[in-house]
Amino acid sequence: MTGQPLIEMRGLSKVFRRDSVEIRVLNDIDLQVHEGDFISLMGPSGSGKTTLLNIIAGIDKPTGGELRVLDADLLSMSEDALATWRNHHVGFVFQHFNLIPVLTASGNVELPLLLTSLSRQQRRDHVVTALKLVGLSDRADHYPRQLSGGQEQRVAIARAIVTDPTFVLADEPTGDLDAESAEEVLKVLAGLNQEFKKTIILVTHDPRAAAYASICHHLDKGRLVRQ
Amino acid sequence: MKFIGLLLHNILRNRRRSILTVTSIAVSLFLIATLLTLLTELESPPETPDSALRLITRHKVSLFNSLPVAYRAKIAQVEGVEAVFGSMWFGGVYKDPKNFFMQFAADTDQFFVVNADMVIPEGQRKVYLEDRTGAIVGENLAKRFGWKVGDRITLEGALWDFDAELTVRGIYSGGGDVGSSLFFHWEYFNEALGNPGFTGTFSIRARSAEEIPAIADRVDALFQNSTAPTKTESEKTFVLGFASMMGNVRLLITSIASVVIFTIVLVAANTMAMSIRERTREIGILKALGFRRSQILSLLLGESVFLSLAGALIGSFGARALFSNINMAMVTAGFLPRFYVTPGTLLICGGIGVFVGVIAAGLPAWSAARRPVIAALRQVA
Amino acid sequence: MIKIPLRYNIGSLLARWPGTLMTAGGIGLTVAIVVTMMALVGGLESTFIETGRDNQLIVIRQGSLNEVNSYFNRDLFQMIRFLPGVAKDDRGEALASGEIIVVINHARMGGESSNVLVRGLSDMGFVLHPEAKIVAGRRLNPGLREIMVSRSLSQRFQSMALGDSIRFARSEWKVVGIFDTGGTAYDSEVWADYNEIAQDWDRPIYSSILLRADSPAAADQIRRRVADDQRINLQAISQRQYFAEQTSSSMGIRTLGFFIAVVMGIGACFAAMNMMYGAVMSRATEIAALRAIGFRRRSILASFLVESLIVGAAGGIIGCIVALPMHGVSTGTANFQAFSEILFNFRITPAIVLRGLLFALTVGVLGGYLPARRAARTRLIDVMRE
């Protein structure tokens with residue numbers, strides 16, 4: 001929690017223009033994220049939380065304000081450079097799992113590693129470790145359709161952490177899950193944060209999920225309110 | 001029919017897929033229309049009232065063997081024969097052996113009577129008849145080499161021991177070869193060779209079409225036991241003989257067409273399967289709203305047939321449009337004097353379109369119409 | 001460059017196997033047609049190209065395109081066969097044979113008539129045509145109205161079996177032998193004794209002289225001698241070259257085959273494009289996941305191109321397998337130059353199979369390019385912002 005923040009934004013805003021109508025999705029956001037933080041971003045639909053996440057990951061660009069993520073100047077990086085940067089630093093967990101249905105759990109988890117220069121054996125080792133961390137070592141050769149919702153999401157988390165990224169971004173990871181599976185997943189995330197000091201930013205509209213985080217922010221109509 | 005609106009909406013929903021499907025089918029039907037037309041043209045050469053009255057007499061054994069020119073007088077006296085002339089295949093070389101075209105040395109006496117379907121200005125005809133070294137050329141041939149009346153042409157003798165030095169005296173259109181040949185005086189040919197007195201074939205004009213079989217028999221009977229027996233047949237049969245020489249073209253073309261149709265069915269079926277799979281939920285909703293199975297089926301069949309038929313019509317009419325703007329007679333040096341995509345062919349292509357549409361939708365449509373509503377609704381959109 | 005594992009492509013193709021199969025099937029049938037047409041043309045042309053021995057020359061009239069419409073005085077034979085360079089057999093006889101060609105009209109098994117080439121040759125002629133192996137019956141005897149027909153002819157035409165008689169010119173001719181020249185142009189001929197043919201046709205001339213030279217140099221020498229002599233008005237062509245030049249008969253079929261290949265190829269491209277667009281559209285979220293993980297646009301493009309190449313390759317293999325039964329099927333067409341029927345077999349060679357596969361891969365690439373580009377252009381934002 002000490003030292004230089006990993007992510008720092010000041011006065012960040014994002015405006016969408018559609019047919020001469022302006023929509024202010026994010027308005028004057030000041031936010032700092034330090035290493036080891038487990039932050040939750042809560043808010044109703046349309047409050048801009050996904051957009052904020054996308055901006056942190058370099059998928060979207062702000063229209064105003066300052067943004068510093070890990071000393072990288074995301075605004076001036078090319079698409080390709082951003083892709084590589086993401087591969088090294090960001091682990092993404094989506095709401096709808098987005099696992100490749102025709103690959104096994106190991107196959108899915110291995111994907112981010114294919115962009116590195118690790119040898120085949122090294123990749124294997126990383127995959128095994130990641131799956132162990134999420135408690136799915138026995139499901140390594142199963143296809144997504146053979147897994148429950150909670151298990152699929154855990155595989156997605158394994159995929160997100162397999163490159164040992166600097167931070168993990170989770171966009172409504174429990175949105176599609178029942179209470180029990182949701183708990184499974186959130187426990188894994190909490191564990192990653194507590195044991196391995198992973199920095200996690202969790203976007204959700206479910207207060208129970210947000211409770212797992214140590215810091216809770218609220219977004220309402222594009223403005224940040226700290227809890 | 002309110003269904004039309006729904007049908008069109010579904011087709012326009014994924015415009016790209018519909019366009020690609022229609023295009024793929026159109027291209028294949030273009031090919032089928034072309035192949036069918038080729039077959040039709042080879043099996044039914046163009047006929048005019050005048051050509052229907054013509055017979056060709058050749059040496060019974062082989063087209064290559066010559067006949068004595070003395071036969072002409074005898075043939076002229078056969079019952080039913082209105083006019084006759086003899087002609088010899090010259091086969092000369094015009095500048096380059098690759099410049100192949102039909103050349104005949106034909107005696108001039110009754111040439112234009114038998115070839116009444118040749119259209120040539122009166123003035124040119126007269127000059128040709130009077131000029132021993134004159135020649136008349138078909139308009140397509142003239143176009144190909146840029147010849148005009150008055151031009152001098154030399155045909156190097158490849159089969160015969162002299163070069164024919166000719167002057168173009170007339171340009172004709174029509175005739176059995178549709179303006180693709182060159183004719184010059186047989187008398188000039190005969191003289192240049194030292195008056196051997198033979199010719200290749202005789203062309204006869206019959207008094208009436210009904211008498212043609214009888215005339216053929218009579219002529220052949222005349223020469224049956226001579227050293228040069230003849231075989232006489234209608235011009236149409238003679239021409240068809242060449243096509244049959246090419247081999248079993250009909251089998252080849254129908255085989256290819258069948259395979260092409262099978263291919264189109266696969267393409268259309270793939271599209272319908274993709275389209276229907278995406279709309280399982282929607283179809284479930286329609287059923288929940290009260291649409292009957294048969295109505296759903298008709299809707300899906302209708303879409304499929306619409307796409308296939310559209311492709312078929314575009315392809316076949318496209319072929320018709322293309323070939324009516326190309327002078328095939330010129331392109332094929334008279335081999336294909338006409339290349340007309342008939343209404344019959346268009347109808348067949350349309351029929352293929354409908355057929356393909358029905359089969360392609362068949363299985364997926366039937367199973368979609370049958371799937372229980374609740375199962376369909378459960379599908380994630 | 002292709003970092004996305006092949007497992008992904010193959011797995012995706014298998015997961016949507018009906019569509020994959022139908023598209024590969026469509027491409028396959030197109031390839032089958034193209035391969036069959038190539039086999040047709042190839043079979044016809046190889047019949048000509050493989051005919052002819054080294055060091056043998058055919059002498060015909062100057063200006064004639066082939067033996068059929070060539071004719072010259074018999075006296076010239078004496079002059080030709082004593083030219084320096086003409087090989088001799090162990091009895092000192094010149095290896096030269098005067099031959100006459102005529103064309104007859106005869107009915108095929110199915111009923112329609114067609115022109116068949118008849119060659120009148122001498123005893124020496126058989127020496128110069130060693131490729132002719134007698135597979136049934138015996139060689140014909142001179143002085144009799146006996147003929148030998150090729151095996152292909154006997155299977156395709158009526159009354160040409162061993163022992164049959166056919167009537168042409170002025171007499172009945174008896175089939176006493178069946179020969180096979182192993183696929184050369186001579187497999188479309190009927191052979192008879194020169195004198196009998198010349199007599200029945202009342203044509204005391206030669207159409208051609210076939211001779212063997214001592215060596216390639218001798219062949220050249222003979223060729224030049226014949227060409228230089230203006231009086232005799234003859235030309236000498238190497239037997240190989242003579243037949244190689246007759247491939248123009250295949251022109252019509254070649255053009256037709258090419259036309260069909262191009263049109264069907266275009267149709268197949270659209271079909272492949274359709275399928276791949278369908279695949280790309282339904283995998284939008286997968287693609288977004290890959291982009292989010294960090295795979296570049298280039299990798300996505302390459303991956304989908306590889307996928308369409310796999311479909312193309314599958315189609316190519318299917319097509320070649322479907323076309324394979326056509327190999328060896330015998331047929332005939334018009335040799336317009338000789339105005340007679342030339343018999344040949346469909347011939348699928350490794351080169352043709354390769355070209356068929358290449359055609360399939362090209363269709364795959366051309367059809368798959370635009371969809372692959374579309375896949376690569378998937379915008380993360382559009383997918384993330386449900």
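**Chain pairs**

I looked up which chains touch in this predicted model. Two pairs of chains are in contact, and of these chains B and C share the most contacts. I then checked chains A and B against each other: they do not touch, and 13 Å separates their nearest C-alpha atoms.

**B against C**

I took the pair with the most contacts, chains B and C, for a closer look. On this interface 37 residues of chain B are in contact with 43 residues of chain C. I asked which elements of chain B supply at least two residues each to the side that touches chain C. Helix H2 (15-43), helix H9 (235-245) and H10 of chain B do. H10(B) has the largest share of that side, with eleven residues. I also sorted this side of chain B by class and noted 20 nonpolar, 14 polar and three charged residues.

**H10(B) on H9(C)**

I followed H10(B) across to its partner in chain C. The crossing of the two helices is left-handed.

I listed the residues that make the contact. From H10(B) they are B:Ile256, B:Val267, B:Asn270, B:Thr271 and B:Met274. From H9(C) they are C:Ile260, C:Ala271, C:Asn274, C:Met275 and C:Gly278. By class I have six nonpolar and four polar residues in this contact, and no charged ones.

**C against A**

I turned to the contact of chain C with chain A. Here 21 residues of chain C are in contact with 22 residues of chain A. On the side of chain C that touches chain A, helix H1 (6-15), helix H10 (284-293) and helix H13 (380-384) of chain C each supply at least two residues. The largest share comes from H10(C), which gives six residues. I sorted this side of chain C into eleven nonpolar, four polar and six charged residues.

**Domains of C**

I checked how chain C is divided. Domain 1 of chain C takes in 6-49 + 249-384, and domain 2 takes in 56-214. Taken over C-alpha atoms, the centres of the two domains are 46 Å apart. I then looked for contacts between these domains: twelve residues of domain 1 of chain C are in contact with 16 residues of domain 2 of chain C.

Which elements of chain C each supply at least two residues to the side of domain 1 that touches domain 2? I found helix H2 (17-49), strand E13 (330-335) and strand E14 (340-345) of chain C. E14(C) gives the most to this side, with five residues. By class, the side of domain 1 that touches domain 2 has five nonpolar residues, six polar residues and one charged residue.

**Chain B overall**

I went back to chain B for its content and dimensions. I counted 15 helices and twelve strands in chain B. The radius of gyration of chain B is 30 Å, whereas a compact globule of 381 residues would be near 21 Å. Along the principal axes, I have the C-alpha atoms of chain B filling a box of roughly 95 × 45 × 35 Å.

Note on methods
Residues are numbered from 1 along each chain as its sequence is written. Chains are lettered from A and ligands numbered from 1 in the order in which they are written. This is a predicted model: local features need pLDDT of at least 70, side-chain atom pairs count only at pLDDT 80 or more; totals for chains, interfaces and linings use all residues. Domain bounds come from an automatic or database domain assignment. Two residues are in contact if their C-beta atoms, placed from the backbone, lie within 7 Å. Helices (H or I, at least four residues) and strands (E, at least two) are DSSP runs, numbered from the N terminus. Ala, Val, Leu, Ile, Met, Phe, Trp, Tyr, Cys and Pro count as nonpolar, Asp, Glu, Lys and Arg as charged, and the others, Gly among them, as polar. A crossing is left-handed if the near helix is turned anticlockwise from the far one by less than a right angle, and right-handed if clockwise. The radius of gyration is taken over C-alpha atoms; the globule rule is 2.2 Å times the number of residues to the power 0.38.
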